[in-house]
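The exercises below are meant to be worked with the sequence and the model side by side. Try each task before reading the solution that follows.

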Amino acid sequence: MQRCKASRKRGRDKQSNVTDSKSLRRPMTDGPDLDSKIVSVLVGKERQRFYVHETCIRSSSAFFENALNGNSIEASTRTVPLPVSEPIPFAIYFRWLYCGRFYNVEADDVGKSDQVDQDQPDDEWSEWEDCYKLGDFLQDNDFKDALIDLAIEKMCSDRVLDMTLIEVIYANSGASSSHRKLALDIAALLWTNGDLQALHSDKPYVQFLRDALALIGPDTRKRYIRSQGIKRFLNSKDLCEYHDHNARNALCYKEKHK
Ligand SMILES: [Zn+2]
């Protein structure tokens with residue numbers, strides 16, 4: 001009996017080791033919550049079916065929390081249709097939900113960072129956009145914070161800025177979102193007149209703002225912002241500065257997916 005107690009105590013003393021992100025050992029209380037019923041999600045016009053643990057998706061997405069709460073049809077049938085979403089971004093979301101990783105790179109994307117052609121459309125960015133829009137629709141702030149880190153990782157790797165990032169963030173985030181700070185920092189650091197003119201909008205005031213920024217932006221940057229590469233700039237940052245969990249007094253998604 002005594003030996004057993006001593007063993008338990010030694011286990012608790014080593015608890016700090018199991019929080020090391022490289023360790024395979026984890027506290028039993030951590031990890032995805034899989035102790036629940038399964039719900040079906042029917043995605044897209046083709047109604048592709050995904051099976052997901054209810055507690056897992058409800059704790060991450062306010063959309064699913066609302067859809068499966070109370071006496072709704074979705075709650076009674078345990079089926080949630082997402083007709084305006086697409087299967088590929090949902091599959092990326094689905095796997096992130098369980099693994100905390102993005103399984104988004106296709107075979108012909110590999111090695112792209114060594115030979116980035118700025119004139120060629122980058123499929124990985126269009127998938128990122130679809131995922132960010134999906135994250136906003138599902139009201140999953142952890143997923144959106146993780147997508148910001150994914151964008152930063154890709155920009156540091158490719159050393160190329162995709163200006164549509166700015167448009168997508170502004171069209172799919174709240175006015176106080178920290179994601180907009182990333183868009184502003186990147187634009188202040190790297191914008192060119194050509195990048196500004198490539199931003200898409202036919203609204204006259206947007207054209208005015210583009211022209212005004214093209215006029216004053218580059219000179220202002222030369223004067224006030226120390227010249228440095230995108231990788232060096234982003235690596236000097238605490239990336240939680242660009243996450244929205246601080247405004248919600250919530251833990252970073254990284255704490256949940258260590
Ligand atoms: Zn964070």
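**Exercise 1. In which order do the 3 strands of the open sheet lie, and what kind of pairing do they have?**

Before starting, note that this is a predicted model, in which local features need pLDDT of at least 70 and side-chain atom pairs count only at pLDDT 80 or more, while totals for chains, interfaces and linings use all residues. Residues are numbered from 1 along each chain as its sequence is written.

Step 1: the chain has 13 helices and 3 strands, where helices (H or I, at least four residues) and strands (E, at least two) are DSSP runs numbered from the N terminus.

Step 2: the order in the sheet is β2-β1-β3, and the pairing is mixed; two strands pair if DSSP finds at least two bridges between them. β2 (48-53) and β3 (79-82) are the edge strands, each pairing on one side only.

Step 3: in general, strands of a sheet pair through backbone hydrogen bonds, either parallel or antiparallel. Strand β1 (residues 38-43) pairs with β2 in the antiparallel sense over 6 bridges; S40 has Y51 as its bridge partner in β2, and L42 has R49.

Step 4: β1 and β2 form a hairpin with 4 residues between them, and G44 in the turn has a positive phi of about 80 degrees.

**Exercise 2. Is V41 buried or exposed?**

Step 1: find V41 in strand β1.

Step 2: apply the cut-offs, by which a residue is buried if 20 or more other C-beta atoms lie within 10 Å of its own, exposed if 12 or fewer, and partly exposed in between, with C-beta atoms placed from the backbone. V41 has 22 other C-beta atoms within 10 Å and is therefore buried.

Step 3: look at the surroundings of V41, which touches F50, V52, V80 and L82, not counting residues up to four places away in sequence; contact requires C-beta atoms, placed from the backbone, within 7 Å. The C-alpha atoms of V41 and T79 are separated by 5.8 Å, although these residues are 38 apart along the chain.

**Exercise 3. Describe how α6 and α7 pack.**

Step 1: helix α7 (residues 141-158) has 18 residues and reaches 26 Å from its first C-alpha to its last, close to the 26 Å expected at 1.5 Å a residue; the expected span is 1.5 Å times one less than the number of residues.

Step 2: helix α6 (residues 123-137) packs against α7 at an angle of about 165 degrees, with the axes 9 Å apart. Here axes are lines fitted to C-alpha atoms, for helices over the stretch in contact, and angles run from 0 to 180 degrees between N-to-C directions.

Step 3: α6 and α7 are therefore roughly antiparallel to each other, a term that covers angles over 145 degrees. The contact involves residues of α6 including W128 and Y132, and residues of α7 including F143 and L147.

**Exercise 4. Where do R78 and Q139 lie, and how exposed are R78 and Q139?**

Step 1: R78 is in the loop between α4 (73-77) and β3, and Q139 is in the loop between α6 and α7.

Step 2: with 12 other C-beta atoms within 10 Å, R78 is exposed, whereas Q139, with 15, is partly exposed.

Step 3: phi is positive in R78, near 55 degrees, and in Q139, near 50 degrees; each is a residue other than glycine.

Definitions and conventions: Angles under 35 degrees count as roughly parallel, over 145 as roughly antiparallel, 65 to 115 as roughly perpendicular and the rest as oblique. Two residues are in contact if their C-beta atoms, placed from the backbone, lie within 7 Å.
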